[in-house]
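Here's a quick tour for anyone meeting this structure for the first time. Have a look at the picture, then read on.

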Amino acid sequence: MLRLNIIGAGRVGQTLGHLFRHHHQFDIAQVFNQTSQKNRDALAFIGAGTRLLELVSAMPADVTLLSVPDDDFLVVTESLINAQALAPRSIMFHCSGSKSSQDLRRTCPALQTLEIQLASIHPVRSFAVPATVCRDFSGTICSVEGDIQALAVLLPAFEAIGARIVEINPQQKLLYHAASVFASNYLVTLMDTAIATYCAAGVEFDMAQQMAASLAGKTLENVFALGTQQALTGPIKRGDMQTVTTQAAAVSAWDTDRGALYQAFVSPTVKLAKQ
């Protein structure tokens, strides 16, 4: 099996490491985290690998998974190159939703000199609880782009762990990822706002969660069963704009930021209701 270094074994890195080991796709080599405890936890979860505490001590592998925050890509990649930890013509991939493989090549020309084969593979799902992700990863959509040589190795490995492969346009990576932010990250913020608003109206927290879960759950079911136009209900759909105006003022009087969020949804919801 090809050897895989995991540089940044947080929730995504350790999940993929565990799945690759469990399905016998890669031999897990070095695993890097910034603290000893995080490294021990990651190695225990993955079930294989050698602890790497400093990038200067990194050794080359056939494949390198770069699983660090997007803003750290360049400095970490340069550290790996300075440590001679990227073998010429080896493969490196990342799981960022917003950055393409070519973004990394443009910002770090040394990758071109070493003929590193680059790819990005973005699993379209939340990694909040790695153990849960490992149990139900099968069927996860993974959006891919990159060099042919890299994908020739990586796609069979991802398919073996249950991924559904979808090719995307690297030139539209930021817009693509914005869609994921709307569908996941901002959805959490919206639910937090809904629960807080119920509580501000005097509803107990546990009941507020139940109310939001019931309403949001059924609404999402309707969105994907009926489409967004048919799933839309409420005052804007009914044309009760006086209610919307009064309600927006009430929310703003309670919390300025949440009032602004309420107001931001009015115009796009009006457009949807008119479709």
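Predicted model: local features only at pLDDT ≥ 70, side-chain atom pairs only at ≥ 80, totals over all residues.

How far apart are the C-alpha atoms of Gln172 and Gly234? They are 34 Å from each other, with the two residues 62 apart along the chain.

## The sheet

Now for the strands. Eight of them make an open sheet with mixed pairing, and the order across it is β3-β2-β1-β4-β5-β6-β7-β8. At the edges you'll find β3 (50-52) and β8, each of which pairs on one side only. Going from one strand to the next, the twist averages 25°.

Zoom in on one pair: β1 (residues 3-7) runs parallel to β2 (residues 27-32), and four bridges join them. Here Leu4 has Ile28 of β2 standing opposite.

## Helices on the sheet

Which strands does α7 (residues 148-160) lie across? They are β4 (63-66), β5 (91-94), β6 (117-123), β7 (141-146) and β8, and the helix runs at about 35° to β6. Helix α8 packs on the sheet too, where it touches β5, β6 and β7. The direction of α8 makes about 20° with that of β6.

Key. Residues numbered from 1 in each chain as written. Heavy atoms only, no water. Pairing = 2+ DSSP bridges. Helix = DSSP H or I, 4+ residues; strand = E, 2+ residues; numbered from the N terminus. Axes fitted to C-alpha atoms, helices over the stretch in contact; angles between N-to-C directions. Contact = heavy atoms within 4.5 Å.
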